[in-house]
Amino acid sequence: MAAPIDLELKKAFAELQAKMIDTQQKVKLADLQIEQLTRVKKHANLTHAEIAMLPNSTRMYEGVGRMFILQSKSEINSQLTEKQKTADEKIKELEQKKTYLERSVKEAEDNIREMLMSRRAQ
């Protein structure tokens, strides 16, 4: 009787370990993406602040590939604010994904603890 229980527990622990490793990798990836998006947001914010100090008649160019295109100040400002908004949205999505992953691992751990307690009670 003890052998099937041990096999069940062994299988459950192996599944939990695989899930933990996978989740930890996904959480690290989400953290890296959040860091990168935070840098993009900060860069856009700093650029926006620098551009705000320039007069409206200043010629501004946007880098596109290996060339530069003449743009108006308002167009560049709108592009920078759009970049900040998309970065904020993606950061929120990644934070939600991260909390979901952490919660799912916690639930799996609790399930195995519950299984151990029920086995000990028998």
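A salt bridge here is a side-chain nitrogen of Lys or Arg within 4 Å of a carboxyl oxygen of Asp or Glu. The model is predicted, and a search of the whole structure finds five such bridges. Three of them are tabulated below.

| Salt bridge | Closest N and O atoms |
|---|---|
| Lys26 with Asp22 | 3.5 Å |
| Asp31 with Lys98 | 2.6 Å |
| Asp88 with Lys41 | 2.6 Å |

Lys26 and Asp22 are both in helix α1, four residues apart, about one turn of the helix. Lys26 counts as partly exposed because its relative accessibility is 36%, and Asp22 counts as partly exposed at 35%.

Asp31 forms a salt bridge with Lys98; this pair links distant parts of the chain, with Asp31 in helix α1 and Lys98 in helix α2, 67 residues apart. Asp31 is partly exposed at 28% relative accessible area. Lys98, at 18%, counts as buried, because buried means under 20%.

Asp88 forms a salt bridge with Lys41. That pair also joins distant parts of the chain: Asp88 lies in helix α2 and Lys41 in helix α1, 47 residues apart. Asp88 is partly exposed at 30%, and Lys41 is partly exposed at 31%.

The largest pocket has a volume of about 190 Å³. Its lining includes His43, Tyr61, Glu62 and Lys83, and divides into five nonpolar, three polar and two charged residues. Helix α1 (2-52), strand β1 (60-64) and helix α2 (73-121) each supply at least two lining residues.

An unreviewed UniProt entry lists residues 77-111 as "coiled-coil region". In the model this span is 100% helix and 0% strand, and its end C-alpha atoms lie 51 Å apart.

Terms used. Residues numbered from 1 in each chain as written. Predicted model: local features only at pLDDT ≥ 70, side-chain atom pairs only at ≥ 80, totals over all residues. Heavy atoms only, no water. 1 Å grid on protein atoms, 1.4 Å probe; cavity = no way out; pocket = protein on both sides within 12 Å on 5 of 7 lines; lining within 4 Å. Points joined across faces, edges and corners; volume = space filled by probe spheres on them. Nonpolar A, V, L, I, M, F, W, Y, C, P; charged D, E, K, R; others polar. UniProt positions renumbered as here; feature names shortened; annotations may be inferred. Buried < 20%, exposed > 50% of the residue type's maximum accessible area, 1.4 Å probe, protein only.
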